Amino acid sequence: MKKALIFDSSTIITLALNNMLNVLQQLKESFDGNFLITPSVKKEIIDNPLNQKRFELEALQISSLLQKGIIELSAPEDLEKETDNVMRIGNSAFEANNEQIKIIHEGESSCFALAKLLSKDYEIFLAIDERTARMLSEKPDNLRKLFEKKLHTEVSADGSKFNYFEDFKIIRSAEILFSAYKRGFIELPANPETVIDALLFASKFSGCSISYDEIERAKQLSGKSF
Amino acid sequence: MAISAQVHEKDNLVYILENAKKAIDEKDIVTLKDLSNRTVHSASVYQDTDNITIAVIVYALYKVLARPDYEKYAEWPLFIETVNSNLSNAATNLKKGKTSEFRNNLRAIREVVEKLSGHFKSYIEEVFRTSLISKASRIYEHGVSMGQTASLLGITLFELAEYSGKTGISDVDLSSTVTIDKRLKMAMEFFR
């Protein structure tokens, strides 16, 4: 089955802020699969920042990847409808003070929606750096506990809503950079532990939700064969 | 928002506005910061623009007052007088249920920045922008996604990612889901 990696905005932003978008080209050329984004994600990482001088360069660099076909825009017929469905489910999963908490937006929702729509034809992975969407899929009860801790109030969860988000395979820019390094696409004058330390901290400081402990563990694994 | 929650929120906002004005008069920056934080919990749940606007304004005022040389600017008296009178009127109008007038007061605080000039204008604009991003980061920290938060506050995801990356959000124990061993293995196999 063909592979596809669907990118949320957060992962491409981390790579762009660290001038590491080039690893996507090298990875794309080295494996049989597609890098996909949805129209909502394109809006967040190209169209919107093009109007802001501070991030215009990053937006143009991402746009170049799209023009070269390294990342591809995917918009199947039912994507909008399915995205609305994801938002409806996700944004009614948690409740505090008799109020449903809106937790996910169109961009993140469209990634889950596209993954569902393409799952018959592709082996799908999601690339998500931001924390909430990842927690919603992988450990939604932790998200409820986080809300309770931060809001200092009881938060209820409708567990039936979690079913939709189960079984997605999610990686982050940290794992993408680790893989690129292990495959020889990143050459830096230091030992593997130092390079992994540098790459993963760069991703962390640009918004990738990875902890200090995870980076320490990744450094220990930097010499391991997978 | 449920009616009981609306009443509670209205009381909360009136409290914040009245005490923010008092804190400005007394140059009490610690209270200003606390008041701003207090709005973040409500903003995360209700995601209404009033809560968010007040959180940003109060935090921006805290940042301005925390800088010792703000009073040297010639336009400072006009700026702070406009802010004070609108905070006071906003609280009064909200108590009376005059929502439209209340929002006009909040808008007037933002608009007074446009009437400033030179370095002071640039400085205040920058403080408001940074406050917006800082409050966004706090809402993201509460569990609302980056996309939803950025949309709510009208900032780009780039700004939010850059700012939140320098906070400790990712190091909260509850953020831990799948082990990095498993995630690295998945990624390495995917790209094989």
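One definition before we start: two strands count as paired if DSSP finds at least two bridges between them. Also keep in mind that this is a predicted model.

Start with the sheets in chain A. There is an open sheet of five strands, in the order 3-2-1-6-8, with parallel pairing. Strand 3, residues 71–73, and strand 8, residues 170–171, stand at the edges of this sheet in chain A. Each has a single partner strand, so one side of each is left without a neighbour in the sheet.

Strand 2 of chain A, residues 33–37, pairs with strand 3 of chain A in the parallel sense, over three bridges. Within that pairing, Ile37(A) sits opposite Leu73(A) of strand 3.

Now, what packs on this sheet? Helix 1 of chain A, residues 9–17, does. Helix 1 touches strand 1 (2–7), strand 2, strand 3 and strand 6 (122–127) of chain A. The direction of helix 1 makes about 80 degrees with that of strand 1. Helix 6 of chain A, residues 106–118, packs on the sheet as well, touching strand 1, strand 2 and strand 6. Its direction makes about 170 degrees with that of strand 6 of chain A.

Stay with helix 1 of chain A for one residue. Thr14(A) lies in that helix. Is Thr14(A) buried or exposed? Its relative accessible area is 1%, and buried means under 20%, so Thr14(A) is buried. A polar atom of the Thr14(A) side chain lies 2.9 Å from the backbone oxygen of Ser10(A). Beyond its neighbours within four places in sequence, Thr14(A) is in contact with Asp129(A), Ser173(A), Ser203(A), Ser206(A), Gly207(A) and Cys208(A).

Next, another sheet in chain A. This one is open too, with three strands in the order 5-4-7 and antiparallel pairing. Strand 5 (99–100) and strand 7 (155–157) are its edge strands, each pairing on one side only. Strand 4 of chain A, residues 94–96, runs antiparallel to strand 5, and two bridges join them. Glu95(A) stands opposite Gln100(A) in strand 5. Helix 8 of chain A, residues 140–151, lies across strand 4 and strand 7, at about 165 degrees to strand 7.

Check the backbone here. Most residues other than glycine have a negative phi. Asn97(A) is not a glycine, yet its phi is positive, about 50 degrees. Asn97(A) lies in the loop between strand 4 and strand 5 of chain A. At 35% relative accessibility, it counts as partly exposed.

Over to chain B. Lys27(B) also has a positive phi of about 50 degrees, and it is not a glycine. It is found in the loop between helix 1 (3–25) and helix 2 (29–46) of chain B. Its relative accessible area is 48%, so Lys27(B) is partly exposed.

Two helix pairs to finish. In chain B, helix 3 (residues 49–65) and helix 5 (residues 99–114) pack at about 35 degrees, axes 11 Å apart. The crossing is left-handed. The residues of that contact divide into five nonpolar, one polar and three charged.

Then helix 6 (residues 118–141) and helix 7 (residues 146–153) of chain B. Their axes come within 9 Å and cross at roughly 145 degrees. Here the crossing is right-handed. Residues in this contact include Leu132(B) and Ile139(B) of helix 6, and Met146(B) and Leu153(B) of helix 7.

How values were computed: Residues are numbered from 1 along each chain as its sequence is written. Chains are lettered from A and ligands numbered from 1 in the order in which they are written. This is a predicted model: local features need pLDDT of at least 70, side-chain atom pairs count only at pLDDT 80 or more; totals for chains, interfaces and linings use all residues. Side-chain values use heavy atoms; hydrogens and water are left out. Helices (H or I, at least four residues) and strands (E, at least two) are DSSP runs, numbered from the N terminus. Contact means heavy atoms within 4.5 Å. Axes are lines fitted to C-alpha atoms, for helices over the stretch in contact, and angles run from 0 to 180 degrees between N-to-C directions. A crossing is left-handed if the near helix is turned anticlockwise from the far one by less than a right angle, and right-handed if clockwise. Ala, Val, Leu, Ile, Met, Phe, Trp, Tyr, Cys and Pro count as nonpolar, Asp, Glu, Lys and Arg as charged, and the others, Gly among them, as polar. Buried means under 20% relative accessible area, exposed over 50%, partly exposed in between (1.4 Å probe, protein chains only). A polar contact is a pair of N or O atoms within 3.5 Å; within protein, one must be able to donate a hydrogen and the other to accept it, and residues adjacent in sequence count only if both atoms are side-chain atoms.
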